[in-house]
Amino acid sequence: MAIKITDECINCGACEPECPNNAIYDAGAAWRFSDGTSLRGVIDFGDGTTLDAEESQTPISDEFYYIVSDKCTECKGFHDEPQCAAVCPVDCCIDDEDVRETEEELLAKKAWLHMED
C-alpha cells in the first residue's frame, strides 16, 4: 500500500523533506516522476504506458499536501517506518486503502525509481 495525507493536514510541511522518493508535494504544486528519483526521459510502466519523467503532472490536491502513490514506497528499503507518518504532528499520514502493495512490490518500485539493479 501507499500512504496518503488526509484533509486533516495543517500544511505544516514537516513531511515533505522526509520522503526519500520526493513523493510528497505542497498543495497545488505540480509534480514529476524525475523529482528526487533517477528516472529521466521516457519511462515505461510495463503495461504499454509510457511517459516523459520530466513532464509536469497535475497536482493531486490544491488544498493540502499530498503524496503521489506511484512514487510512495512507504520508505521500504530506506527506513523501518514511513517517515511522513513519523513526523506528522496531526497524524494525517495514513495507509491508503485504495493502493495495496506487498513489501516485494514496494521494494521493486524503489529499485525502479532509483534505477537500482
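**Glu-8.** I looked up Glu-8 first, and at 52% relative accessibility it counts as exposed (buried is under 20% relative accessible area, exposed over 50%, partly exposed in between, with a 1.4 Å probe and protein chains only). This is a predicted model, where local features need pLDDT of at least 70, side-chain atom pairs count only at pLDDT 80 or more, and totals for chains, interfaces and linings use all residues. Residues are numbered from 1 along each chain as its sequence is written, and side-chain values use heavy atoms, leaving out hydrogens and water. Glu-8 sits in the loop between β1 (2–5) and β2 (24–25); strands are DSSP runs of E with at least two residues, helices runs of H or I with at least four, numbered from the N terminus.

**Cysteines.** How many disulfides are there? I found 0 disulfides, taking a disulfide as a pair of cysteine sulfur atoms within 2.5 Å. For Cys-9, the closest cysteine sulfur is in Cys-92, 4.6 Å away and too far for a bond. Cys-9 is buried, at 15% relative accessibility. The sulfur of Cys-93 has its closest cysteine sulfur in Cys-84, at 4.1 Å, again too far for a bond. Cys-93 also counts as buried, at 9%.

**Positive phi.** I kept in mind that most residues other than glycine have a negative phi. Asn-11, not a glycine, has a positive phi of about 60°. I placed Asn-11 in the loop between β1 and β2, and at 34% relative accessibility it is partly exposed. Glu-74 has a positive phi too, near 55°. Glu-74 lies in the loop between β5 (66–67) and α1 (83–87) and is buried at 11% relative accessibility.
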